[in-house]
Amino acid sequence: MKAIWQQWNFMRILRMVLAIGIIVQGIYTKDTLTIVLGLALGGLALANVGCCGTAGCAVDIRSSNTKTTIEYEELDIKK
């Protein structure tokens with residue numbers, strides 16, 4: 001329960017606002033599927049899960065201490 005109220009960032013707030021808007025639109029149009037999709041999006045925002053939530057798309061940052069030297073070759077295009 002404590003995790004629900006902590007770490008609210010911009011994307012999490014945006015997902016919640018969109019979910020509330022979708023739920024309101026579903027109630028206004030009396031469309032059950034829209035309400036269910038809004039509730040699902042709201043649940044994702046509350047649980048802070050999703051594609052890139054809580055480092056879901058994190059990049060492996062293990063690095064070696066070796067430096068790579070890149071060599072460039074100048075090309076002469078005049079003919």
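Tutor: Let's start with A19, which sits in helix α1 (helices are DSSP runs of H or I with at least four residues, numbered from the N terminus). A19 has a relative accessible area of 1%, so it counts as buried (buried means under 20%, exposed over 50%, partly exposed in between, with a 1.4 Å probe and protein chains only). Before going on, note that this is a predicted model, where local features need pLDDT of at least 70, side-chain atom pairs count only at pLDDT 80 or more, and totals for chains, interfaces and linings use all residues. Residues are numbered from 1 along each chain as its sequence is written, and side-chain values use heavy atoms, with hydrogens and water left out.

From A19, look across to T34: the two are 15 residues apart along the chain, and their C-alpha atoms are separated by 9.9 Å. Now the helices themselves. The axes of α1 (residues 10-29) and α2 come within 8 Å and cross at roughly 160° (axes are lines fitted to C-alpha atoms, for helices over the stretch in contact, and angles run from 0 to 180 degrees between N-to-C directions). That makes α1 roughly antiparallel to α2, a label for angles over 145 degrees.

Over in α2 you'll find G43, which counts as partly exposed because its relative accessibility is 33%. G43 and M16 are 27 residues apart in sequence, yet 8.5 Å apart in space, C-alpha to C-alpha. L46 also lies in α2, which covers residues 32-47, and at 35% relative accessibility L46 counts as partly exposed.

Key. Helix = DSSP H or I, 4+ residues; strand = E, 2+ residues; numbered from the N terminus. Parallel < 35°, antiparallel > 145°, perpendicular 65-115°, else oblique.
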